[in-house]
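Here are a few friendly notes to read alongside the model. Take them one at a time, and keep the viewer open as you go.

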Amino acid sequence: MTEQNFLDFKSKLGSTTLVAVSKTKPNEAIEQLYAYGQRIFGENRVNEMIEKAQSLPKDIEWHFIGHLQSKKVKLLAPYVDMIHSIDSEKLLLEVNKQALKNEKVINVLLQFHIAKESTKYGLSIEECHETLSKHELSDLKGVNIVGVMGMATFTDDKIQVRSEFTHLKAIFDELRTSYFQGHDQFQEISMGMSGDYELAIDCGSTMVRIGSLLFGARN
Ligand SMILES: *Cc1c(COP(=O)(O)O)cnc(C)c1O
């Protein structure tokens, strides 16, 4: 992608944050977008993200966007800035614990299952209420819960995708009202990928996760 194409794409996004999903792509591909000014990159494998974080510029903000096993949080914690995929109470508490050990605060998003496909991970709204009503936010000093994340069904049916994004926006609004009054950091809705980001922005996305459109198709 040329610099001009990248800047044109960025300007289409307006104020929506771009997470450049670099999974499976080599360091050179990341360095190219870095040279264009991109600083936020998303990865979905722990070892791959760590290797990239160790070898690439230190001012890159690394976002972890894939399913994360609790036992791997320890490895990830020193390098990660935001985890989009908190899908259980156990994982939230482990991220909190490992962040405190590293004397840092990790930004996290609560991932919801909004798609029809059962293969996609995420909390149900019931599990989320159970978790958030059980813990005081002030007791979780290692995590900063900054919003929600979801993946729509992989389909051409725009009505279906729109209804799933609208559902995630409604969950966000409900949680903000119930648990985050006065916590202004709870403001992110991570939704939208290469195939559906325009629809996602239309439905209130504040953060899109774009891979193939920036880096080309993955194998
Ligand atoms: C791979 C991936 C993306 C990016 O997908 P593209 O269709 O290549 O833009 C976004 N979000 C998650 C969670 C992913 O795993």
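1. Let's begin with charge. In this predicted model, the chain carries 25 positive and 30 negative side chains. The centres of these two sets lie 4 Å apart.

2. Next, the overall build. The chain contains nine helices and eight strands. Along the principal axes, its C-alpha atoms fill a box of roughly 50 × 45 × 30 Å. A compact globule of 219 residues would have a radius of gyration near 17 Å, and the chain has 17 Å, so the two agree.

3. Of the 219 residues in the chain, 48% are buried. The chain exposes about 10800 Å², and carbon and sulfur atoms supply 48% of that area.

4. Aromatic rings deserve a point of their own. A pair of aromatic rings is described by the distance of the centres and the angle of the planes. Counted this way, with ring centres within 6.5 Å, the chain has five aromatic pairs. One of them joins Phe6 and Tyr36: their ring centres are 5.8 Å apart and their planes meet at 40 degrees, so this pair is tilted. Phe6 sits in helix α1 (residues 3-13), while Tyr36 belongs to the loop between α2 (27-35) and β2 (40-43), so the pair ties together parts that are 30 residues apart in sequence. Are these two residues buried or exposed? Both Phe6 and Tyr36 are buried.

5. Why does Phe172 count as buried? Its relative accessibility is 4%, and the cut-off for buried is under 20%, so Phe172 qualifies. Phe186 is buried too, with a relative accessible area of 2%.

6. One last thing to find in the viewer: which residues do ring pairs link into a cluster? They are Phe172, Phe180 and Phe186.

Methods: Residues are numbered from 1 along each chain as its sequence is written. This is a predicted model: local features need pLDDT of at least 70, side-chain atom pairs count only at pLDDT 80 or more; totals for chains, interfaces and linings use all residues. Side-chain values use heavy atoms; hydrogens and water are left out. Helices (H or I, at least four residues) and strands (E, at least two) are DSSP runs, numbered from the N terminus. The radius of gyration is taken over C-alpha atoms; the globule rule is 2.2 Å times the number of residues to the power 0.38. Buried means under 20% relative accessible area, exposed over 50%, partly exposed in between (1.4 Å probe, protein chains only). Accessible areas come from the Shrake-Rupley method with a 1.4 Å probe; for residues, only the protein chains shown count as cover. Lys and Arg count as positive and Asp and Glu as negative; His and the chain ends are not counted. The place of a charge is taken as NZ of Lys, CZ of Arg, CG of Asp or CD of Glu. Rings of Phe, Tyr and Trp (its six-membered ring) pair if their centres lie within 6.5 Å; planes under 30 degrees apart count as stacked, over 60 as edge-to-face and the rest as tilted.
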